[in-house]
Amino acid sequence: MYDFTTVHNRRNTSSVKWDMLAEIYQIEVKDDILPMWVADMDFPIAPNIADALIERIQDGVFGYSFPSKGLGESIVKWVKETHHTTISADWLLYESGVIPAVALSLATFTEPGDKVLIQGPVYPPFRNTPENLNRVVVNFSLDEKDGQYSINFDKFEEALSQDIQAFIFCNPHNPGGKVWSKEDVKQITDLCHKYGVLLISDEIHADLVFTPHTHTTALSVAEHTDHIITCMAPTKTFNLAGLQAAYLIVTNEEKRLKLKNQMMRSANMGLTVLGATAMQAAYETGKPWLKELLDTLKENIVYVKDEIETHVPNVRVTEPNGTYLIWIDYRKLGVSEEVMMKTLLEEGKLALEPGTKYGPEGEGFVRMNIACPLDTVKDGVQRFITAVNKLSI
Ligand SMILES: Cc1ncc(COP(=O)(O)O)c(C=O)c1O
């Protein structure tokens with residue numbers, strides 16, 4: 001029903017993914033590099049969202065606006081129907097992004113010098129954001145076996161007990177694509193409560209989960225919720241990152257008040273009118289589009305895994321439970337990251353994310369973003385194979 005096959009030219013659209021390659025990869029870029037790195041999609045947005053935006057634009061007046069009651073209701077309904085979690089519209093606060101929401105939470109509830117726990121390998125801003133606020137990042141490495149991540153809860157508890165003020169939880173996990181089990185999420189919420197640790201649950205990838213896996217929100221399993229701040233957004237799910245729209249779910253009234261005061265101190269105005277319009281349209285009308293998107297992503301993942309593992313036997317492709325990010329394990333090739341990245345860029349003309357960007361645990365991995373038409377994925381995979389074959393000569 002929807003078009004996930006047409007290849008759109010995103011060059012010269014101020015796209016971070018397509019137009020910032022030279023800065024990011026420190027290379028001279030001609031139009032021959034295929035970018036499969038930063039986590040946005042090369043698909044156009046759902047037609048219903050586009051219609052809502054066009055209608056709002058045609059109205060033509062863009063004075064100051066506030067998040068409408070309808071927007072709150074659309075979120076409450078989405079979270080209920082998609083994630084079986086009952087929330088109240090009164091618990092919502094709006095932000096321009098999930099990372100701004102994480103930063104806001106840290107700025108409100110921790111002090112410079114406080115310890116913030118993260119689980120590496122993990123999305124780089126989990127490290128940079130607390131560091132930029134002069135918090136001390138404590139890294140607790142996930143266990144890894146055959147590219148699959150898990151949490152050693154004894155060690156996790158030990159880490160939490162070391163005077164940690166906040167834990168930033170990546171649920172589902174980027175870069176591993178792991179959808180944490182109900183038991184995992186429950187233990188995390190319980191342990192954070194036990195040690196009085198603020199749980200910042202980044203659930204931006206929650207909607208991008210493949211059956212039979214299901215996302216568990218921290219709020220749905222927690223006995224106590226006062227210590228939890230959930231950060232969500234429609235931006236990954238519906239490819240709206242450029243419109244900057246996210247929200248926090250905060251059950252505790254006092255915490256909400258403190259967050260609002262912090263927003264005021266930094267003159268943070270929350271959503272733009274177009275971000276709000278897109279978010280509401282996405283949640284009210286986006287479900288059929290999302291269903292087809294997930295089918296498309298799954299097909300892409302299967303292709304990448306089959307093709308790479310058939311043609312490059314020493315490289316393992318971890319099939320993600322969720323997200324459109326594939327974590328590729330090349331440790332058996334025995335080459336350094338520097339050589340791998342150089343070869344991918346120079347021989348394959350392919351820009352992937354180097355694993356150590358996610359922490360030292362990422363050594364020997366690259367991350368490939370497959371949220372693009374299958375033809376583009378095929379092109380990327382062939383570039384990968386060409387490059388790796390050059391490596392082993
Ligand atoms: C786990 C995670 N959190 C947050 C973000 C970015 O969110 P935002 O653009 O809303 O700040 C990403 C983007 O890749 C992500 O993977």
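## A buried arginine and its partner

Arg 367 counts as buried, because its relative accessibility is 2% and the cut-off for that word is under 20%. The model in which this residue sits is a predicted one, and every value in this report should be read with that in mind. Arg 367 forms a salt bridge with Glu 353, and the closest N and O atoms of the two are 3.4 Å apart. This pair links distant parts of the chain, since Arg 367 belongs to strand E15 (residues 365-369) and Glu 353 to strand E14 (residues 353-354), 14 residues apart.

Glu 353 is buried as well, with a relative accessible area of 4%. Its side chain also meets that of Lys 357 in a salt bridge, at 2.7 Å from N to O, and Lys 357 is partly exposed, with a relative accessible area of 37%.

## Other salt bridges

Side chains of opposite charge can pair when their charged atoms come close. How many salt bridges does the count come to? The count comes to 27, and one of them joins the side chains of Arg 11 and Asp 31, at 3.9 Å from N to O. Arg 11 lies in the segment before helix H1 (16-19), whereas Asp 31 lies in the loop between helix H2 (21-25) and strand E1 (34-35), so the pair ties together parts that are 20 residues apart in sequence.

The two partners of this pair can also be described by their accessibility: Arg 11 counts as buried at 16% relative accessibility, while Asp 31 counts as exposed at 62%. Elsewhere, salt bridges that share partners join Glu 144, Lys 145, Asp 146, Arg 316, Asp 329 and Arg 331 into one network.

An unreviewed UniProt entry lists residues 40-383 under the name "domain: Aminotransferase class I/classII large".

His 83 lies in helix H4 (residues 69-83). Is His 83 buried or exposed? With a relative accessible area of 4%, His 83 is buried. The side chain of His 83 makes a polar contact with the side chain of Asp 207, at 2.7 Å. If residues up to four places away in sequence are not counted, His 83 touches Trp 78, Ala 206, Asp 207, His 215, Thr 217 and Met 232.

In soluble globular proteins, nonpolar side chains tend to be buried together. The largest nonpolar core of this model has 100 residues, and those with the most contacts inside it are Ile 75, Phe 156, Phe 167, Tyr 247, Val 304, Ile 370 and Phe 384. Helix H13 (residues 287-311) supplies the largest share of this core, 9 residues. The core draws at least three residues from each of domain 1 (16-45 + 288-392) and domain 2 (49-285).

Which residues is Phe 384 in contact with, leaving aside its neighbours within four places in sequence? Phe 384 is in contact with Ile 308, Val 315, Ile 328, Met 340, Leu 344, Leu 350, Leu 352, Val 366 and Met 368.

Key: Residues numbered from 1 in each chain as written. Predicted model: local features only at pLDDT ≥ 70, side-chain atom pairs only at ≥ 80, totals over all residues. Heavy atoms only, no water. Salt bridge = Lys/Arg side-chain N within 4 Å of Asp/Glu carboxyl O. Helix = DSSP H or I, 4+ residues; strand = E, 2+ residues; numbered from the N terminus. Buried < 20%, exposed > 50% of the residue type's maximum accessible area, 1.4 Å probe, protein only. UniProt positions renumbered as here; feature names shortened; annotations may be inferred. Polar contact = N/O pair within 3.5 Å; in protein donor to acceptor, adjacent residues only side chain to side chain. Contact = heavy atoms within 4.5 Å. Core = buried A, V, L, I, M, F, W, Y, C linked by side-chain atoms within 4.5 Å. Domains from an automatic or database assignment.
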